[in-house]
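The entries follow the structure below.

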Amino acid sequence: MAMHNWKTVDAGIFHAFHHVWISALTDFLNSGALPANYYALPEQIAAGVGPEILSLESRLPTNPEVQKTLTQPRPVTRFTAETATEFYRRKKSSVVVRHVSGDRMVAVLEIVSPGNKSTRDAFRAFVNKASELLEHRIHRLLIDPFPPTKRDPEGIHAAIWGEVSDNLFQPPADKPLTLVAYETGLTTRACIEPFAVGDALRDMPLYLEPDRYVMTPLEQTYATAFAAMPLRWRRVLEGEAA
């Protein structure tokens, strides 16, 4: 199945697809692809990754009175208005692979959303988060199905790579979308696969540790997720009249 042009639908439709694709990828990893001492979960990862994010250890206080306070209803908070794109950016999940020893995070598979490039702050937060994960030696597999914007004129990988390496990256003009697997240890290496709308997705390595990875069937899981989309939106994305 060829990659569709996701710029033809709004952020909510892509978010729905994103959710199903993340689930398909998680199911694949947990169905025997990962070694027995690893597991995958869909998780939300905010900017500002720290040790408390890297482990699932509970840090709730054990004092009963404090716990009682924590379970009380929170007061209503009034939020300022936000765009749908920003709303869905905050709601999206990634696939996080953890090792059973302390449930430590070892790898993250992330699919870029329109919201990651929608504002300067959102884009900077995304790049900072990616750089920080690599600094903590968390391997990454990044899927960017959206073309470069004024915030990432050479693509989102080029922006991330500029934070961790002195080498520049420029995608081919006819392949503006990007798959990239980051292997991080004493140094960080990137396995880059540029592609375009209409191309089939290649399987990519998801590193668990240096020189050890599982191949991730992006094309197969993409097709599974797309088949679960409503027919009305599949027709739009396939260029048919709704």
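I looked up the handedness first: helix α1 passes helix α7 in a right-handed crossing (right-handed if the near helix is turned clockwise from the far one by less than a right angle, left-handed if anticlockwise). The model is predicted, with local features needing pLDDT of at least 70 and side-chain atom pairs pLDDT 80 or more, while totals for chains, interfaces and linings use all residues. Residues are numbered from 1 along each chain as its sequence is written, and side-chain values use heavy atoms, without hydrogens and water.

I noted the contact (heavy atoms within 4.5 Å): α1 contributes F17, V20, W21, A24, L25 and F28, and α7 contributes L218, T221, Y222, T224, A225 and F226. By class, I find ten nonpolar, two polar and no charged residues there (nonpolar: Ala, Val, Leu, Ile, Met, Phe, Trp, Tyr, Cys and Pro; charged: Asp, Glu, Lys and Arg; polar: the others, Gly among them).

I then turned to the strands (DSSP runs of E, at least two residues; helices are H or I, at least four). Six of them form an open sheet in the order β1-β2-β3-β4-β5-β6, with mixed pairing (strands pair if DSSP finds at least two bridges between them). β1 (38-43) and β6 (188-195) are the edges, each with a single partner strand, so one side of each has no neighbour in the sheet.

Y39 stands opposite R98 in β2.
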